[in-house]
Structure formats: structure tokens, C-alpha cells
Amino acid sequence: MARKRNDEDERPAPPRRLSTKVAYCVLLGGAALVITRASLATLIQVHGDGMAPTILDGESVIMVRGEWGIEAGDLVVYDPSPPEPACEDELTEPADRRAAEPGPRPGGSAIDERRSPRGELHDTAVVDVDDVESNWERVRERGTKASPRNFRVGRVLAVPGDTVTFHVPDVALGLVVNGSALQQKPDDPIRLVLSGKPAVGEDRRDAEGPRLRALAWETLGHTRYPVLLGGEAPTWASMGLPEDLGPIEVRAEGYLILADNRDEGACCDSRAIGWVPPDALRGEVVVRLAGNPGAAPDSDPRSRGLAHLP
């Protein structure tokens, strides 16, 4: 009898049911997804067209948190404050008050660095802070005077420690990074539907429809990406560089970040705020998810779907 009891004790337990295994897998997968989203990757939505044509208004992207491995050509999410740059259409103070404030800025405007950011930035690529850090206290309350705070999306052209030469003639943006000139190859114009506000004097009667935009392919090192060309020559007044002394070589104190939409993103990248310090980076944008194919009628609809960036 004792031997029989021992055999029964050593008998293996019956296998779990398939449904139980599936439930365990779903539970573990959900936990892994939550941990990954909280500590490594985040799904965020971009508002504005500052990164057109790479990322258009309303498209969603996946951001990997942290600043490790950031190289020239990568897309990043960064915090531009303090101080917060101001676009022309964001300056809501009376004109006489702005004129009385000290401190010249490009274009003859003056910016109060103590002023908090105001309004939606419809003409640049931004992401809500709450989309990046869901546990932060909500900074926007509709119907109150609370000001929204936004992170920006931009492309890295130089990293801290790089040697950057500005004002180089006959070179795209006048930039040479570590001895390699930034290159641009113009392409046929592309029709895009952008959400930005019309520029002063611009005819935007067809603002709701697609318009031709000057497109070029830019090459930086081994990275090739499309940009929308701006109508004005780039300025680097925020760097404190003299404008009339020819090429100037400096060592990068932070990240040099520009928007792919060179006109509508000019107010919020390194042209306006200078070097972006490493601690201002929130992560790297690595994947663009499905967007709106109708916003780029000249392109293959599949090109607005899942894509690795840049």
C-alpha cells in the first residue's frame, strides 16, 4: 500500500488547458507592453506640419525614450524651454509693449523671455507633453488661462562635440559638419495639404486643398531625407555669429536641430533657440504609423503608412 501511495504522489500534475495558457500569455504580454510604454517607447501624435513632408499633421509616431545613440540625421523630440521661442503668430501682446521691450531679435522683433508660451502652434511640429509623460499634471485646461506646453519634433544635423562651419558659400544652409557639406538635390514640387497659417501677403484661397511645395532631397552623411525648401536664406542669429565675416567654424555645444519644413518650422528650431542641450531631448522618433494619404495626393498612398524613420 505504501508503494502505491508513493506512485500516486509522484504522478505528474495534469497539463494546463489551452485557454489558461492563452490567458497567461495575454496577461504577460499586456504587462510587458505597459512596462515598455512607460520606460522605453511611447506612441505619440504630432500636431502641425513643421516636419512635413516626413511627418504631417495628425500622424502618429513611436518615440524611444532617452538620448542614447542619437546621431546626425535622426528625428528627436525635444523641449525648447527655457526660454520658449515665439513665432510671429504667437505674439499676442500689444505692439507698443513689444516695441518697448529691450533685446533685439531677428526681424526686428523683441521677445519677453519671461513670457510663458501661448496658443496652439499650428505651423510647427509639436507633441503634447501629456502624450510623452502621461503621469505629468495636465497643463492645458480649456476655458481657463492655463497655457499649453509643447515639445517639438526636429531633425538632428549635429551632435555635441561636432565641428560645425556656418556661412559656407554655395552649400545647403551654409552648413559643413565635420568636414562634410550638407547637400540638397531639388526634386519636382509635391502637392501637400498643410495646416499652417498663411504667410503675410500669401494667397491662400486654396488653403483647404493641396498646393505645390518646393521639395528637395537632403543628404547628411549616410542619411537621405526629404525637406520642404524655404523662401528665405537661413539665418543663425541665435548662435551669436557675425554675419559678415565669412565661414565660421565652431564646436557644437549641444544638438543642432532643424525642422524639415524649413519655412513653417523656422521659429522653433536651432535657428531661433540655438544649441539644444542634451538634457532637453526626450527621445528619438523611430517609426511613423499610418497617416492621411489624402494630405499628399502626389505620393503613393502606401508611403503614408508604416515607415521607419528617418
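Biologist: What makes β6 and β14 count as paired strands?

Modeller: In this predicted model, strand β6 (residues 163-166) and β14 are joined by 4 bridges and run antiparallel. One of the positions involved is T165, whose bridge partner in β14 is E249.

Biologist: Which sheet contains these strands, and why is it called open?

Modeller: The sheet is open and holds 4 strands in the order β8-β7-β6-β14, with antiparallel pairing. Its edge strands are β8 (180-181) and β14 (248-251), each of which pairs on one side only. In general, strands of a sheet pair through backbone hydrogen bonds, either parallel or antiparallel.

Biologist: With which strands does β3 pair, and how do you know?

Modeller: Strand β3 forms 4 bridges with strand β5 (residues 150-158), in the antiparallel sense. Strand β16 (residues 281-288) likewise pairs with β3 in the antiparallel sense over 4 bridges. At least two bridges are needed, so the pairing with β5 qualifies, and so does the pairing with β16.

Biologist: Why is the contact between R282 and D79 called a salt bridge?

Modeller: The N to O distance between the two side chains is 3.6 Å. The limit is 4 Å between a side-chain nitrogen of Lys or Arg and a carboxyl oxygen of Asp or Glu, so the pair qualifies. R282 lies in strand β16 and D79 in the loop between β3 and α3 (95-100), so the pair ties together parts that are 203 residues apart in sequence. D79 has a relative accessible area of 6%, and buried means under 20%, so D79 is buried.

Biologist: What does the salt bridge between R155 and D260 tie together?

Modeller: The closest N and O atoms of R155 and D260 are 2.7 Å apart, which is within 4 Å and therefore meets the criterion. R155 lies in strand β5 and D260 in the loop between β15 (256-258) and α5 (270-273), so the pair ties together parts that are 105 residues apart in sequence. Both R155 and D260 are buried.

Biologist: How do you know whether R271 and D269 are buried or exposed?

Modeller: The relative accessible area of R271 is 10% and that of D269 is 1%. The cut-off for buried is under 20%, so both residues count as buried. Their side chains also meet in a salt bridge, at 2.7 Å from N to O.

Biologist: How many salt bridges does this rule give?

Modeller: The count comes to 5. In general, side chains of opposite charge can pair when their charged atoms come close.

Biologist: What makes up the lining of the second largest pocket?

Modeller: The second largest pocket holds about 310 Å³ of space. Its lining has 19 residues, of which P53, T54, W217, P226 and R304 lie nearest the centre. The elements giving two or more residues to this lining are β10 (190-192), β12 (215-220), β13 (223-228) and β17 (307-308). The largest share, 3 residues, comes from β13. By class, the lining divides into 11 nonpolar, 4 polar and 4 charged residues.

Conventions:
Residues are numbered from 1 along each chain as its sequence is written. This is a predicted model: local features need pLDDT of at least 70, side-chain atom pairs count only at pLDDT 80 or more; totals for chains, interfaces and linings use all residues. Side-chain values use heavy atoms; hydrogens and water are left out. Buried means under 20% relative accessible area, exposed over 50%, partly exposed in between (1.4 Å probe, protein chains only). On a 1 Å grid over the protein atoms alone, a cavity is a set of points where a 1.4 Å probe fits but cannot get out, and a pocket is an open set with protein on both sides within 12 Å along at least five of seven lines; lining residues have an atom within 4 Å of a point. Grid points are joined across faces, edges and corners, and a volume is the space filled by probe spheres set on the points. Ala, Val, Leu, Ile, Met, Phe, Trp, Tyr, Cys and Pro count as nonpolar, Asp, Glu, Lys and Arg as charged, and the others, Gly among them, as polar.
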